[in-house]
Amino acid sequence: MQNTDQNISGEKIALHFNVSRNAVWKVIKQLQAEGYLITSKHRLGYRYVGTTNLSSEQIHLNLNSAIEVKVYDIIDSTNKLAKQLAIENNTKPIGIVANQQTNGYGRYGRNYYSPKDTGIYMSLLIPMQEQIIDSGLLTTGVAVIISQIFSELYDIDLKIKWVNDLIYKDKKIAGIMTEGITDFETGSLSYIIIGVGINLSTKNFPTKIQAKAGDLNLNDVDRNLLVANLFDGIYGLLKANVTDEMLGYYKEHSIVLNQEIQLNQHGKLVTGIVTDISNNGELVVDTIDGIKKFSSGEITKVKIINGDYHG
Ligand code: BTN
């Protein structure tokens with residue numbers, strides 16, 4: 001990994017590790033079978049090209065922020081682990097990413113479908129002694145950051161459905177969930193956990209979500225580079241602020257702005273036309289009872305004016 005620009009002979013590797021050339025060859029074959037891309041050229045030797053696997057070394061190579069990264073092949077939920085780490089009083093930011101989750105969850109306690117190899121399931125745990133932005137705007141900012149990263153890396157235009165869903169070709173391809181941990185004695189927020197799930201090439205969704213969930217059809221992307229960019233982007237946002245420019249981006253990419261919607265607010269249904277997203281990230285809706293602002297709730301229907309209903 002430290003010599004991706006050159007070939008290294010089997011002999012040199014064997015000498016370095018004090019093993020036989022045959023042992024080197026065997027390990028290279030094993031690594032290749034595990035998803036590490038290593039070229040092998042007669043007389044020149046081996047060269048490490050990259051990996052389709054998630055790897056903390058590879059994430060660190062691309063990462064600019066001081067975040068500890070933990071990688072799991074399989075885990076119940078990265079957000080759940082982040083909570084455990086918070087209980088253990090970790091004082092540093094920790095990024096957790098998994099290749100598969102057996103019990104991933106989303107907002108309203110829903111399951112988050114997290115099959116192996118096809119997505120990104122990650123959480124960032126931030127101790128609150130770190131400078132932090134207005135938590136109301138956090139999800140808004142994270143949605144913008146993710147959309148911008150996909151535009152920069154893959155030239156993909158992701159839309160945003162208030163407050164935290166990322167949409168591609170009318171389907172939800174990613175979800176964001178922010179959880180806070182409060183100090184019981186002081187009543188103040190001691191940790192913040194930002195969980196992100198992205199369907200890169202996920203197919204065969206459970207029947208219940210088939211109509212709404214989709215993927216990006218991104219099969220062979222470098223997930224390590226992507227994860228490093230996401231951790232850097234989200235962490236950078238926490239250390240800075242959501243700017244007017246970001247709010248502008250959010251509105252430009254919003255699928256609900258100027259559309260008729262139905263909002264489920266703790267079981268109460270509200271309908272109206274979305275006239276704005278406020279500077280605090282609230283949904284501003286023109287309802288029959290006048291203009292109302294909402295900081296939470298779930299948009300259950302979007303009627304594209306002069307168009308069809310979207311879930
Ligand atoms: C939502 O759409 O309601 C939010 C989905 C958040 C899913 C992610 S996947 C990684 C992290 N671990 C979890 O268990 N959930 C979040």
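I started with what the buried side of α4 packs against: β3 (68-72), β4 (94-98), β5 (119-127), β8 (171-182) and β9 (189-199). Contact here means heavy atoms within 4.5 Å. Helices (H or I, at least four residues) and strands (E, at least two) are DSSP runs, numbered from the N terminus.

Before going on, I noted the ground rules: this is a predicted model, local features need pLDDT of at least 70, side-chain atom pairs count only at pLDDT 80 or more, and totals for chains, interfaces and linings use all residues. Residues are numbered from 1 along each chain as its sequence is written, and side-chain values use heavy atoms, with hydrogens and water left out.

**Helix α4**

Which residues of α4 (78-87) are buried? I get T78, N79, L81, A82, L85 and A86. They cover an arc of only 160° around the axis, which puts them on the same side of α4. The arc is that of the directions from the helix axis to the C-beta atoms. Buried means under 20% relative accessible area, exposed over 50%, and partly exposed in between (1.4 Å probe, protein chains only).

Then I checked the ends. S77 caps the N-terminal end of α4, with a side-chain oxygen 3.2 Å from the backbone nitrogen of N79. A polar contact is a pair of N or O atoms within 3.5 Å; within protein, one must be able to donate a hydrogen and the other to accept it, and residues adjacent in sequence count only if both atoms are side-chain atoms. Just after α4, I found N89 with a positive phi of about 65°.

**The ligand**

How many residues surround the ligand? There are 18, and the closest are S77, Q101, Y105, R107 and K172.

- A polar backbone atom of N79 is 3.4 Å from a nitrogen atom of the ligand.
- A polar side-chain atom of Q101 sits 3.0 Å from a nitrogen atom of the ligand.
- A polar backbone atom of R107 is 2.7 Å from an oxygen atom of the ligand.

On its own the ligand has 410 Å² of accessible area, and the protein covers 97% of that. Accessible areas come from the Shrake-Rupley method with a 1.4 Å probe; for residues, only the protein chains shown count as cover. I also asked where the shell comes from: α4, β5, β8 and β9 are the elements giving two or more residues. β8 gives the most, with 4 residues.

By class, I count 7 nonpolar, 9 polar and 2 charged residues in the shell. Ala, Val, Leu, Ile, Met, Phe, Trp, Tyr, Cys and Pro count as nonpolar, Asp, Glu, Lys and Arg as charged, and the others, Gly among them, as polar.

**V97, back in β4**

V97 is found in strand β4. Buried or exposed? V97 is buried, with a relative accessible area of 0%. Not counting residues up to four places away in sequence, V97 touches L54, I59, K70, V71, Y72, T78, Y121, M122 and V227. T78 is also on my list of buried α4 residues.

**T51**

T51 lies in strand β2 (45-51) and counts as buried at 7% relative accessibility. What does the side chain of T51 reach? I found the backbone oxygen of G35 at 3.2 Å and the backbone nitrogen of N53 at 2.8 Å. Leaving aside neighbours within four places in sequence, the contacts of T51 are G35, Y36, L37, Q58 and N224.

In α7 (244-252), the buried residues are M246, L247, Y249 and Y250. Seen down the axis, they fall within an arc of 155°, so they line one face of the helix. D244, E245 and E252 are exposed on the other side of α7.

S278 lies in the loop between β11 (268-277) and β12 (283-287), and its side chain makes a polar contact with the side chain of E282 at 2.8 Å. At 9% relative accessibility, S278 counts as buried.

Definitions and conventions:
A residue is near a molecule or strand if one of its heavy atoms lies within 4 Å of it.
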